[in-house]
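Here is a friendly note to read alongside the model. Have the viewer open, and take the points one at a time.

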Amino acid sequence: MSLSQADILRALELVKLPASGQSLAASGRVADILIDGGKVIFAIGIDATEAHAMEPVRRAAESAVGGLPGVTQVLVGLTADKAPASAGMQARQQAHRPGGAPPKPAGVPGVRQIIAVASGKGGVGKSTTAANLAVALATLGLKVGVLDSDIYGPSMPKIFGIAGKPQIVSGRTLAPMEAYGLKVMSIGFLVDEETPMIWRGPMVISAITQMLREVAWGDLDVLVVDMPPGTGDAQLTMAQQVPLAGAVIVSTPQDLALLDARRGVAMFRKVAVPILGLVENMSYFICPECGHRSDIFAHGGARHEAERLGVPFLGEIPLAMPIRETSDGGRPIVASEPQSAHAKAYLALARQVQASLGGATRAAPRIVIE
Ligand SMILES: Nc1ncnc2c1ncn2[C@@H]1O[C@H](COP(=O)(O)OP(=O)(O)OP(=O)(O)O)[C@@H](O)[C@H]1O
């Protein structure tokens, strides 16, 4: 017998909301129920300020539906349609909390620092930079993890050449995959390529929360989070809900990409995440035949932009065939050709990041209304 939406809602009648005692099924908060064989995915709509209070409801909903005959897997996300940056929301938060500051996201046990690698737009080489930066940080002696939260195009399984699915270690906790001495978790391991529609956008926030907190990361010095590209609500909420020590913004040197990078810097500033700096990717081209260097995109734009914005400039990564080939072939260049000039560019970047992390402390996130 196949499962229906009515079956799911019946199971959710047993789950009560903490404040009102109303059943979750009757609350009108259940949305986007997707049934695929024994796999059930749905969302619970929340106000972003309720994320903490509603987590037990999310778990209860998962176990209620998980108990239905025929259900093999359940994924439930808390979705806040709007980033909690509206004036009304802030007023509500201040009314509830005498200090006025929204709660600081809890740290992840065992993980010393979490950094985001972000870009204002897609296709600038954010994931390639994140992967090589992670390997370079490990080369410097740090214990490093990579969390690929790019719901629009998770690329870490490909960049690290990882096939298969993570194993469950206990309850809901997953073991991260491993590659080149790094612990790696990707939304790409968890969601089928055909499934993502409802995960995209708001669902991304609960997906990343689960990947942060329900993965056995063990002891890590740095967790590098590959963010989804862009500066929309999902990214803003993520920047606010992950306890970030800082953000690295990747841009190419063209004016348009730099404009987007500026938006990226503004987004992290809005939620008081320190900007570790700007990286210029595809900065210049060195001809593999003759060694001649060409500044294809008028290189240097990101350095000027960083100066203008008052953020550190972290370095330039050339546009180079070996970077693309190794990245697309599952062998990031810092691991596969560590002596190459290209790998050294990433190592220089990693040294800068390591140095700025030494001093970076996370202020309590504060939403600034402009
Ligand atoms: N410095 C570089 N030199 C040559 N190719 C590069 C470089 N950086 C990235 N690439 C290539 O550009 C393509 C896009 O890179 P990548 O997937 O890292 O970008 P992204 O910004 O994460 O993209 P998306 O926004 O789609 O996730 C890939 O084929 C990658 O191998």
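1. Let us begin with a term. A residue is buried if 20 or more other C-beta atoms lie within 10 Å of its own, exposed if 12 or fewer, and partly exposed in between, with C-beta atoms placed from the backbone. Lys 126 has 27 C-beta neighbours inside 10 Å, so Lys 126 counts as buried. Across the protein, 46% of the 370 residues count as buried.

2. A word on what you are looking at. This is a predicted model, in which local features need pLDDT of at least 70 and side-chain atom pairs count only at pLDDT 80 or more, while totals for chains, interfaces and linings use all residues. Residues are numbered from 1 along each chain as its sequence is written.

3. Now the overall layout. The protein has 13 helices and 14 strands; these are DSSP runs numbered from the N terminus, with helices being H or I of at least four residues and strands being E of at least two. Two domains are assigned, domain 1 (5–81) and domain 2 (111–359), with bounds that come from an automatic or database domain assignment. Their C-alpha centres lie 32 Å apart.

4. How does the chain meet itself? Two residues are in contact if their C-beta atoms, placed from the backbone, lie within 7 Å. Among contacts with a separation of 6 or more, 77% join residues 24 or more positions apart.

5. Next, the interior. A nonpolar core is a set of buried Ala, Val, Leu, Ile, Met, Phe, Trp, Tyr and Cys residues joined through C-beta atoms within 7 Å. The largest such core has 84 residues, and Ile 115, Leu 133, Ala 134, Val 224 and Ala 247 have the most contacts inside it. Apart from this core lies another, of 23 residues, including Ala 51, Ala 61, Val 65 and Val 76. Returning to Leu 133, and leaving out residues up to four places away in sequence, you will find that Leu 133 touches Val 117, Val 224, Tyr 346, Leu 349, Ala 350 and Val 353.

6. Which residues are closest to the ligand? They are Gly 122, Gly 125, Ser 127, Thr 128 and Arg 324, in a shell of 21 residues; a residue belongs here if its C-beta atom, placed from the backbone, lies within 6 Å of the molecule. Helix 4 (126–139), strand 12 (275–286), strand 14 (313–319) and helix 11 (321–328) each give two or more residues to this shell. Helix 11 gives the most, with four residues. By class, the shell has seven nonpolar, ten polar and four charged residues. Here Ala, Val, Leu, Ile, Met, Phe, Trp, Tyr, Cys and Pro count as nonpolar, Asp, Glu, Lys and Arg as charged, and the others, Gly among them, as polar.

7. An unreviewed UniProt entry places a "binding site" feature at Gly 120, Lys 121, Gly 122, Gly 123, Val 124, Gly 125, Lys 126 and Ser 127. Such annotations may be inferred rather than shown by experiment. Val 124 sits in the loop between strand 4 (111–118) and helix 4, and counts as buried because it has 24 C-beta neighbours inside 10 Å. Lys 126 is in helix 4. Leaving aside neighbours within four places in sequence, Lys 126 is in contact with Val 117, Ala 118, Ser 119, Asp 226, Pro 229 and Val 250.

8. Is helix 8 (residues 233–241) largely enclosed or exposed? Eight of its nine residues are buried, so helix 8 is largely enclosed by the rest of the structure.

9. Gly 77 lies in strand 3 (residues 73–79). The C-alpha atoms of Gly 77 and Gln 210 are separated by 9.0 Å, although these residues are 133 apart along the chain.

10. Finally, two backbone angles to check. Ala 272 is not a glycine, yet has a positive phi of about 60°; Ala 272 lies in the loop between helix 9 (255–270) and strand 12. Met 282, also not a glycine, has a positive phi of about 55°. Met 282 is placed in strand 12 and counts as buried because it has 25 C-beta neighbours inside 10 Å.
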